[in-house]
Amino acid sequence: MGKQVAIVSAGFSEHASKRSDVNMGELVSEAVEDCLKKVPSVGFDDINAYVNGNMPAFEGSNIPELWMTDWMGARNKPLMRVTTGGTTGGSVAIAGYYTVTAGLPGIDTVLAVAFEQQSQGDTSVGLASVAYGEISILNTLGISYDQITRLLSAGAAIGVAAYQATTYMNKTRITEEDLARVVVQNRHNAAKTWWAHLKMPNLTIEDVLDTPYVQYPLRYGMVCPASDGACAMLFTTEEKAKDMCDIPVYVNGVASVANESAVLGYDGGGSAQVDPSMQLGAIRSSELAYAQAGISFPRKEIDYAEVYAPFPNQELLWTEKLGLFEETTAPEMYKNGVTALKGELPVNCSGGVNSTNAIGASAMERPAEAALQIMGKASNQVPKTVHTSIGSGWGGSLNLITLMAMSDQPQRKWR
Amino acid sequence: MEKVGIVGYNQVKLQSDANYGRYEMIFEAVRGAIDKAGLKKKDITTVISCTNDYYDGRTISNCFTVEVGGGYLADESKVEMDGAHAVLYGLLRILSGNHKLAVVWGGSMPSCFPYHTTRLYETDPTWERPLAYVNDITAAGFQMRAYMEKYGVSKEEVANVAVKNRKNAAKNALALEEAQNQNITVKDVLNSDIYADPVTELMVAQPCDGVAALLLAPEKQARKITDNPVWITGVGWNQETYYLGDRDLSGSKSLELAGKMAYNAAGIKDPRKEIQVAELYEAYAHEELIFTEALKLADRGKAPELNTNIKGDLPINPSGGAIGGNPPCGTGLIRIIEASKQLNGEAGTYQVNGVKKAIASGQIGMCAQNSILYVLEGGN
Amino acid sequence: MDEKVIVTNKGLVKAEFAFWVGIFLDKFYDNLENKKLIGNECPKCGDVFVPPRKICGKCNIVIPFEENWVDLPETGELMNYTITYHKINDRSDRKVKKPQIIGIVKIDGSSTGLVYRLLDLEPEEVKIGMKMKIQWEDNTKGDPSDIKGFIKV
């Protein structure tokens with residue numbers, strides 16, 4: 001029970017605000033090709049099962065994997081679809097891990113694919129309809145539909161991030177400059193990542209602050225883009241991994257825990273409603289994943305992190321909540337270069353979600369990039385050797401945090 | 001494959017228009033399953049839900065169901081296919097060794113949305129969808145005709161399945177009231193409205209409101225929780241290619257391959273002899289015949305000759321099957337629950353005698369493009 | 001029993017979608033607008049797809065865009081059909097008075113079937129294996145509706 005799982009490859013399609021040259025199937029096939037070309041000994045016949053996901057509201061397609069079967073090479077193969085909103089990519093990666101570790105007869109090599117082609121739909125409608133059933137009663141009080149999506153929040157709409165930002169800033173007393181600094185670091189990193197979307201090597205803090213507010217304290221310059229793109233990861237067993245790549249990346253801990261359901265400012269209960277920066281989900285997920293992975297001191301033992309953060313305050317928040325930095329000290333770490341490419345604990349050298357956000361895929365791109373850093377094959381590779389890394393995902397006002405802890409050493413399973 | 005135990009289950013009564021909301025329904029199903037098993041909320045380590053954004057008319061349709069599904073501060077995820085596929089993910093999580101108790105629940109409320117329209121959204125948006133000639137209704141018609149043409153099966157033989165399942169449903173207190181009919185005849189079925197010729201309305205598994213939940217545990221824990229665990233000894237799942245023009249609709253390649261995988265894992269060499277009861281998710285009466293053959297319970301074209309009544313040679317869908325009530329995202333899960341009831345001797349008036357091994361299937365997509373099969377065994 | 005006030009809120013949330021078809025289908029639709037049917041051929045197994053595809057599902061290889069195009073005739077064979085009173089669109093499903101006959105037609109020289117209406121036929125006249133021919137719309141637009149349906153040869 002419980003085989004050791006390794007990641008042997010990760011691939012991406014090009015991300016852009018409009019991938020008008022491809023339909024959904026072709027977009028996904030690009031990521032699959034990129035993933036498989038890095039492991040030339042693996043062909044489609046070697047893949048035993050597939051796991052897929054995206055956020056279906058954005059493309060107006062229900063269970064699109066059914067149509068895209070051939071484009072992924074999945075004809076007559078076992079296929080499972082996992083979708084969890086903004087964390088879909090992370091959940092798909094975790095499901096890929098579970099499909100291998102379960103050790104079913106004949107299932108040892110699994111391709112996990114996540115994608116989004118947001119340019120085909122209306123992102124704000126897709127996001128708002130998370131809670132529209134609950135909050136539509138406000139229409140009867142005279143509040144219009146677009147106002148609702150700003151005032152209240154559910155799903156990954158900016159409203160949730162804004163509440164997280166204000167409660168976080170209340171504890172840490174940081175300024176907007178601290179937020180802008182995170183954005184600048186991400187966009188500079190994205191410029192060196194071939195598949196990223198917003199490549200801005202010359203962005204400055206002043207540029208970011210010189211944009212109007214979307215919703216205090218977040219300005220247009222700080223907001224993540226809406227991208228089209230796909231990502232694929234190949235999972236297999238420890239035994240097979242050795243023949244497929246030089247440095248297999250062992251998946252040692254996974255978790256995806258949620259807070260309470262909360263429509264901030266209106267409905268729901270618990271800590272998510274009262275203090276969105278408390279993040280019980282992140283705390284619990286990291287407890288579970290680190291315990292599985294045998295990580296006792298995350299700050300010392302983790303060499304690299306890809307933290308899911310569409311908005312800069314979230315990167316500061318989760319680097320703390322996931323145990324990388326002491327509470328309230330994350331802004332200092334960014335100021336002092338600790339999280340830079342050459343720093344002690346580099347974060348988001350791919351540019352993170354702040355530079356590229358294809359919602360269904362972005363939570364998978366975090367563990368994918370974190371794995372590539374261990375392999376030494378990332379686009380914007382850090383100079384130091386990475387032994388242990390983490391990739392996280394976040395979804396909604398219920399703060400579902402997916403977390404994957406990886407290392408170049410397998411962790412013998414605990415019971 | 002290591003054994004995983006089904007240690008509890010619960011299903012709400014299926015209704016065509018339930019007078020309560022989805023949160024209450026989910027809570028009823030999940031809380032009921034936990035209570036019946038004598039467990040507590042804190043025992044749950046992982047929850048897998050099965051809902052569909054288009055059916056629920058909301059993005060991330062499982063997001064506000066975290067608490068009612070028992071998932072608060074538990075490691076949870078969601079499968080967007082049939083409830084039977086969600087059980088697969090629960091199974092994988094148990095086999096990983098990371099979890100000791102998994103809750104799997106699924107269901108939806110078709111009284112609140114236009115079902116056929118949401119099925120239309122599964123089609124290829126770049127070619128087929130604008131004209132909507134390919135949809136779940138026409139797909140059913142194509143499938144039945146392909147099967148009848150290839151093997152010379154008659155409409156009456158197909159209608160027989162609908163009659164059997166509706167009579168069986170009359171014995172199942174949880175089945176959909178509109179589907180239950182003790183006195184239905186083949187003529188009634190053939191004279192009902194045309195759905196997509198040659199399929200008639202009474203041959204169709206009518207979508208209805210419902211939610212079901214079941215609990216999974218590893219072998220050691222399962223024996224602590226209940227004296228009657230039902231063991232999942234084999235599982236297989238498979239997805240065929242998409243375009244109807246590329247497929248042979250007279251058979252089910254996906255279920256054939258899924259069955260092969262499941263039988264292999266469970267060590268089943270001669271399913272016809274070793275299986276005592278089957279609960280198959282048949283979206284239409286003809287699908288039950290096609291699936292019976294794909295699963296090697298009958299030779300190709302010979303399924304109508306098999307006596308699948310409750311007292312017959314190989315009972316199929318003694319609970320009434322999907323024709324007895326089809327809550328999308330829950331139907332496959334209910335088939336697993338019904339098969340488990342048979343193994344535990346809990347099926348009351350539709351109990352089959354001497355059940356040691358059972359199979360249960362689920363499906364998703366046009367003409368069961370993706371199928372899943374479980375082999376279940378009872379006793380210690 | 002007291003009277004209860006129930007608030008009903010009726011409204012429409014508009015969600016518009018526009019799908020990219022990709023370069024293969026783009027070329028196909030350009031030809032369709034000129035009342036020409038084209039497909040592409042897998043270089044490995046020889047299967048011919050209409051509409052054309054980037055990937056051959058059997059061989060799992062990419063069919064290069066520059067070559068492998070096949071001109072296809074307007075004729076084909078009826079593989080399957082059904083008759084239905086249900087009409088579905090992206091808002092609702094309703095029943096119509098006159099049923100539609102929908103068929104799967106395999107164009108001569110291709111390996112897959114097109115699903116379209118069968119026109120000018122009574123249900124009794126339809127037989128599997130019939131020879132069919134495309135009937136084009138008069139004003140083509142470069143989308144799937146350019147093929148009005150199939151008629152008997």
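# Reading the contacts, sheets and cores of a predicted model

Author: In this predicted model, 31 residues of chain C are in contact with 29 residues of chain B.

Reader: Which elements of chain C make up the side that touches chain B, and which of them gives the largest share?

Author: Two or more residues each come from β6 (75–88), β7 (93–107) and β8 (113–117) of chain C, and the largest share of that side, eight residues, belongs to β6(C). Sorted by class, the side of chain C that touches chain B has 15 nonpolar, 10 polar and six charged residues.

Reader: What makes β7(C) and β8(C) a pair of strands?

Author: Two strands pair if there are at least two bridges between them, and β7(C) and β8(C), which run antiparallel, are joined by five bridges, so they meet that condition. One of the bridges links C:V105 to its partner C:L114 in β8(C). The two strands form a hairpin with five residues between them, and in the turn C:G109 has a positive phi of about 90°.

Reader: How do you know that β8(C) is mostly covered?

Author: A residue is buried if 20 or more other C-beta atoms lie within 10 Å of its own, and four of the five residues of β8(C) are buried, which is the ground for calling the strand mostly covered.

Reader: Why are β2 and β5 of chain C called edge strands?

Author: Three strands of chain C form an open sheet in the order β2-β1-β5, with antiparallel pairing, and within it β2 (48–49) and β5 (69–72) of chain C each pair on one side only. Strand β1 (residues 37–41) of chain C pairs with β5(C) in the antiparallel sense over four bridges, where at least two are needed for a pair. In that pairing C:N40 stands opposite C:W69 in β5(C).

Reader: How many residues do chains A and B bring to their contact, and which element of chain B gives the most?

Author: The contact takes 57 residues from chain A and 53 residues from chain B. On the side of chain B that touches chain A, at least two residues each come from α2 (53–56), β3 (75–78), α3 (83–95), β8 (230–239) and α9 (253–266) of chain B, and α3(B) gives the most, with six residues. By class, that side of chain B divides into 23 nonpolar, 17 polar and 13 charged residues.

Reader: What makes A:D178 count as buried?

Author: The cut-off is 20 or more other C-beta atoms within 10 Å, and because A:D178 has 20 C-beta neighbours inside 10 Å, it counts as buried. A:D178 is found in helix α7 (residues 176–190) of chain A, and beyond its neighbours within four places in sequence it is in contact with A:P331 and A:Y334.

Reader: How do you know that B:V158 is buried?

Author: B:V158 has 27 other C-beta atoms within 10 Å, so it is buried, the cut-off being 20 or more. B:V158 lies in helix α6 (residues 155–169) of chain B, and, leaving aside its neighbours within four places in sequence, its contacts are B:M144, B:V153, B:M203, B:A285, B:H286 and B:L289.

Reader: Which residues have the most contacts inside the largest nonpolar core?

Author: They are A:A112, A:V113 and B:L214, in a core of 312 residues, to which helix α16 (residues 359–375) of chain A gives the most, with 10 residues. Beyond its neighbours within four places in sequence, A:V113 has contacts that include A:V28, A:A31, A:Y50 and A:M72.

Methods. Residues numbered from 1 in each chain as written. Chains lettered and ligands numbered in written order. Predicted model: local features only at pLDDT ≥ 70, side-chain atom pairs only at ≥ 80, totals over all residues. Contact = placed C-beta atoms within 7 Å. Nonpolar A, V, L, I, M, F, W, Y, C, P; charged D, E, K, R; others polar. Buried ≥ 20, exposed ≤ 12 C-beta atoms within 10 Å, placed from the backbone. Core = buried A, V, L, I, M, F, W, Y, C linked by C-beta atoms within 7 Å.
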